[in-house]
Amino acid sequence: MKNTSFLLLLISLGFFANAQINLTLQQALERAIQQNEDIAIVQQKALLESQKIFKANAGLTPTVSAFANGTYTQYNTLLGLNSALLGGGNMGGGAPEAQEISEDLAGSMTHSAGGRMDYTLYDGGRGKKTLRQLENLANLASLQQQLTTDNVLLGVSQRYLSIASMERMAGLLRQNIELSQERLERAELDNKYAKGNGLSVLRAKTDLNTDNVSLKNLERDIVNTKQDLLRQLDMSANYNFSTAEVINLQALPDFESLKASALQKNPQILLAKQGIVIDEQQLAISETANLPRVSVYGSLDYFRQDYEVNQIEYLQNIGPSMGFSVQYSLYDGNKRRREQDIQRMQIRIREKERVLTSENVLLDLNKSWNNYQNIQTQLAFKQQNLPFYEENLNRLQTNYKTGKASETDIRNAQLGLLSAQISITRKEIELQMEHFKLLKIAGMITTI
């Protein structure tokens, strides 16, 4: 999208609160992508998921840890020693006697410290599959961001076009009020010179008041809809803008191109496919539990224990150690098998959901395309009929001046022309709304 800086410059200025600025649809869409709160939230969620993709989070890197502790104990100690082992012998030839050492509140201090590294050599590929799953979840968040963005852009375009439609109708109503005012002035003039009657003046006043009420109601709806749009764009409620008179939209691709794009880019279809990928990857991770797990470790340890009562005054060890472990689950009550069967069932359900989602998206595309073609046809007929209403009003106005037409004829022709003009405006806006709906279904709305 282009001209982004133009809109941002307008927003940064303070004077637009008092002067009406022309806001184009392109600028509104650009502003939505940059400032809409819903889009900002899903962008942050997608960024958060992408930050989770690193090897350590999947268990693919060694873990290194350090420890240190100290313990002091104090007991009433009774130590029995084998006198034979101490060389005392047994002169009587009987059982050797024990030599006892007794101490109350004897203390012992233990210190230990060290470092250890653990690494999994083989886990059935669980770590690599977990890393891939993290990538899948990030892709899912990205697709959810795309879906939210598409929905916001469609909502912005529909509100903008609705405002454009009402502003155009307001312009037509103002033109109609001018005609009603002229009719009232003529009726008052005729009544003044006895060419008319008070009833004609009353009818003209009533019609003028009706037109003014219609305009006021429409202006209220415009204000309310603008407030909704400004909220979507995260703009000040005091931002006074009008829509562009001409809304330029690129030509739509043909139906087959839209269909092919929908199957490849529609976020609902892509989300359904990604759900299957995630479930299949989760099953692959679960199946790694059927294989053994081989790990190795290495450590450097220091240990010292000091005794207050003992033949050994202290014991100290320092040095490296290493080893490996093999773990294999022989039986878990068929928990793994049941979980994997459930995951396979979930994949089959997801596949059915994907097919149904694709069918519904293509059905919506077909309906929207048919509506688009139908609106185009209706619009062409209404545009062809418009000159008739214009010519009819012009002739009746001429005839009214010469007394060949009544004010009722004028009013009916006036309302007929207004109705035709409003109907054309509505169909033009409906066509543009359907245009955006088709782009959204085809996954192309962010490319305009």
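Predicted model: local features only at pLDDT ≥ 70, side-chain atom pairs only at ≥ 80, totals over all residues.

User: Why does Leu121 count as exposed?

Analyst: Its relative accessibility is 52%. Exposed means over 50%. Therefore Leu121 counts as exposed.

User: How many aromatic pairs are there?

Analyst: The count comes to four aromatic pairs. Tyr239 and Phe241 form one of them, with 5.8 Å centre to centre and 20° between the planes.

User: What makes the pair of Tyr239 and Phe241 stacked?

Analyst: Ring centres must lie within 6.5 Å to pair, and planes under 30 degrees apart count as stacked. Here the values are 5.8 Å and 20°, so the pair is stacked.

User: Are Tyr239 and Phe241 buried or exposed?

Analyst: Buried means under 20% relative accessible area. Tyr239 has 3%, so it is buried. Phe241 has 0%, so it is buried too.

User: Why is the pair of Phe255 and Trp369 called tilted?

Analyst: The centres of Phe255 and Trp369 are 5.8 Å apart, with 50° between the planes. Stacked needs under 30 degrees and edge-to-face needs over 60, so this pair falls among the rest, called tilted.

User: Which parts does the pair of Phe255 and Trp369 tie together?

Analyst: Phe255 lies in helix 6 (residues 255-265), and Trp369 lies in helix 8 (residues 335-401). The pair therefore ties together parts that are 114 residues apart in sequence. Ring pairs also link Phe255, Trp369 and Tyr372 into a cluster.

User: Why do Phe255 and Trp369 count as buried?

Analyst: The cut-off is under 20%. Phe255 has a relative accessible area of 19%, so it is buried. Trp369 has 18%, so it is buried as well.

User: What makes Lys226 sit over the ring of Phe241?

Analyst: The charged end of Lys226 is 4.8 Å from the ring centre of Phe241. The distance limit is 6 Å, and the charge must also be within 35 degrees of the ring normal. Arg116 likewise lies over the face of Tyr297, at 4.1 Å from the ring centre.

User: Which residues touch the most other members of the largest nonpolar core?

Analyst: Val156, Tyr160 and Leu233 do, in a core of 69 residues. Helix 4 gives the most to this core, with 16 residues.

Methods: Residues numbered from 1 in each chain as written. Heavy atoms only, no water. Buried < 20%, exposed > 50% of the residue type's maximum accessible area, 1.4 Å probe, protein only. Phe/Tyr/Trp six-rings, centres within 6.5 Å; stacked < 30°, edge-to-face > 60°. Helix = DSSP H or I, 4+ residues; strand = E, 2+ residues; numbered from the N terminus. Core = buried A, V, L, I, M, F, W, Y, C linked by side-chain atoms within 4.5 Å.
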